[in-house]
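Reader: I am new to this structure. Please take one part and look at it closely: the aromatic pairs.

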Amino acid sequence: MSKQSRLNLKGNNVEFKDDDYETPNSVLNNLLPYLQPDKIIYDPFYCRGAIIKEWQELGYNCINEKKDAFNREHPEFDYLISNIPFSLKKQCVELAFKLNKPFMLLMPIDALGSKWIKKYFDKLQFIIPNGRYNFLKDSKLAKGCWFDTMWVCYDMNLPDKIIKVD
């Protein structure tokens, strides 16, 4: 596992890195047309926990605990929605499929060119934003991201394989 990843595992201890950006509700708002109300969202990748408040402002309950996402018992939930640790894209997608629930994972759009994603491609749908997102750093909105991102989705019953958000 990369030392620069959100989770740096050392033995049985988990070190949570402080180099992460969190997702503001302005970004999450793009997903609302595709979510059913009164569903529980699970984000297994803890940063600072701000995602709980961001989802609450949009009317959803979100479970986001300071635990190692890859070595834990997962709670009951309806959707897995996460701005994943980008250094662990493959492992995050594998975990999402293992949990066998509908998911939406935010990741760099260049992940589509990775060999590991090809085996999943027929099962996935994509939501592509119109422009680059801004993220939260230390609870403040940071300047625009320098790379393009997309939502990689599974079992969300989206109307099309690829959706471009206006």
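Author: The count comes to 8 aromatic pairs. Rings of Phe, Tyr and Trp (its six-membered ring) pair if their centres lie within 6.5 Å; planes under 30 degrees apart are stacked, over 60 edge-to-face, and the rest tilted. Take Tyr42 and Phe77: their ring centres are 4.9 Å apart and their planes stand at 40°, so this pair is tilted. Tyr42 belongs to strand β3 (residues 40–42), while Phe77 sits in the loop between β4 (61–63) and β5 (79–83), so the pair ties together parts 35 residues apart in sequence. Helices (H or I, at least four residues) and strands (E, at least two) are DSSP runs, numbered from the N terminus. Both Tyr42 and Phe77 are buried, meaning under 20% relative accessible area with a 1.4 Å probe, protein chains only.

This is a predicted model: local features need pLDDT of at least 70, side-chain atom pairs count only at pLDDT 80 or more, and totals for chains, interfaces and linings use all residues. Residues are numbered from 1 along each chain as its sequence is written, and side-chain values use heavy atoms, leaving out hydrogens and water.

The charged end of Lys101 sits over its ring, 5.2 Å from the centre. That term requires NZ of Lys or CZ of Arg within 6 Å of the ring centre and within 35 degrees of the ring normal. Lys161 likewise lies over the face of Phe121, at 4.9 Å from the ring centre.

There is also one aromatic cluster, formed by Phe97, Phe103, Tyr120 and Tyr154.

Terms used: Buried means under 20% relative accessible area, exposed over 50%, partly exposed in between (1.4 Å probe, protein chains only).
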